[in-house]
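Please look through the sequence and the structure below before reading on.

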Amino acid sequence: MARNRPASGQVRIIAGQWRSRKLPIQDLEGLRPTTDRVRETLFNWIAGDLPGARVLDCFGGSGALCFEALSRYAKYAKVFELQTGAAKQLKQNLATLKCDCAEVVQGDTLVQLKTPPTEGFDVVFIDPPFRKGLAQACIDGLNDQAWLNEDALVYVETEREHPPLNLPGHWLPLKEKQAGQVTYRLYRVERVEAK
């Protein structure tokens, strides 16, 4: 069984306008920043789709994914984060970056997803705390309340032993990789014909 390693205390932005900037993160239970190696692979996959995109980070945590997307010229990011301390740190880091095109919503993601958005999203990150069954519930909420624009990309990161996800039929699997105890996947949401 792997021991819990202490948090590094910071997250580094890999590329874009804030390349190599290091931002502080709080050492909170369940906070598990996506590793540089996984992030590099993910952002290689989606680099061409980020400029001008509306991004939704369903489980903000350290902010590693949303800050990377904004650094690569995403137009707007909305971030959900349950823990008060982590949400406060995300807001402070946005202020440090002088970024005014992102919004941090402190609260339960699954509750937030019950209300349809005023405008859909082009890129969505689902990287919940492990072993709590949140990935499937998040996918269901996104799909039920029309959070996703046509051709949206959805990134899902889970523990390696996570049971198979029950995906909507119009979610096309694009990529899947494993790194250590993590499995990560990318889907494209195809257009659904109106009946």
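## The protein as a whole

In this predicted model, residues 24 or more positions apart account for 67% of the contacts that have a separation of 6 or more. Of the 195 residues in the protein, 48% are buried.

The protein has five helices and nine strands, and, when it is read along the sequence, these elements follow the pattern β-β-α-β-α-β-α-β-α-β-α-β-β-β.

## The open sheet

Seven strands come together in an open sheet, in the order S5-S4-S3-S6-S7-S9-S8, and their pairing is mixed. Strand S5 (102-106) and strand S8 stand at the edges, where each has a single partner strand, so one side of each is left without a neighbour in the sheet. Direction ignored, neighbouring strands of this sheet are turned by 15° against each other on average.

Two pairs of strands show what the word "mixed" refers to here. S3 and S6 pair in the parallel sense over three bridges, and Leu 56 has Val 124 in S6 as its bridge partner. S8 and S9, on the other hand, pair in the antiparallel sense over eight bridges, and in this case the bridge partner of Gln 178 is Thr 183 in S9. S8 and S9 also form a hairpin with two residues between them, and Gly 180, which is in the turn, has a positive phi of about 60°.

## Helices H1 and H2

Two packed helices are described by the angle between their axes and the distance between the axes. For helix H1 (residues 36-46) and helix H2 (residues 64-71), the angle is about 40° and the axes are 11 Å apart; the two helices are therefore oblique to each other. The crossing in which H1 passes H2 is right-handed. Where they touch, Arg 39, Leu 42 and Phe 43 of H1 meet Ala 64, Leu 65, Glu 68 and Ala 69 of H2. Sorted by class, this contact of H1 with H2 has five nonpolar residues, two charged residues and no polar ones. H1 also lies across strands of the sheet, namely S6, S7, S8 and S9 (182-189), and it runs at about 155° to S8.

How many of the residues of H2 are buried? Eight of its eight residues are, and the helix is accordingly described as mostly covered; Glu 68 and Ser 71 are among these buried residues. Ser 71, whose place is in helix H2, has a relative accessible area of 0% and is therefore buried, since the cut-off for that word is under 20%. If its neighbours within four places in sequence are left aside, Ser 71 is in contact with Ile 13, Ala 15, Gly 16, Gln 17, Trp 18 and Arg 19.

## Helix H5 and what it packs against

Helix H5 (residues 134-144) has Ala 135, Gln 136, Cys 138, Ile 139, Gly 141 and Leu 142 as its buried residues. An α-helix has 3.6 residues a turn, so residues three or four places apart point the same way. The buried residues of H5 pack against strand S3 (54-57), strand S6 (121-126), strand S7 (148-159) and strand S8 (171-179), and also against helix H4 (109-112).

## Residues with a positive phi

Just after H2, Tyr 73 takes a positive phi of about 75°. H5 is followed by Ala 146, a residue other than glycine with a positive phi near 55°. Ala 146 lies in the loop between H5 and S7.

Asp 151 is not a glycine either, and its phi is positive at about 70°; this residue is found in strand S7.

Notes
Residues numbered from 1 in each chain as written. Predicted model: local features only at pLDDT ≥ 70, side-chain atom pairs only at ≥ 80, totals over all residues. Heavy atoms only, no water. Axes fitted to C-alpha atoms, helices over the stretch in contact; angles between N-to-C directions. Helix = DSSP H or I, 4+ residues; strand = E, 2+ residues; numbered from the N terminus. Parallel < 35°, antiparallel > 145°, perpendicular 65-115°, else oblique. Left-handed = near helix turned anticlockwise from the far one by under 90°. Contact = heavy atoms within 4.5 Å. Nonpolar A, V, L, I, M, F, W, Y, C, P; charged D, E, K, R; others polar. Buried < 20%, exposed > 50% of the residue type's maximum accessible area, 1.4 Å probe, protein only. Pairing = 2+ DSSP bridges.
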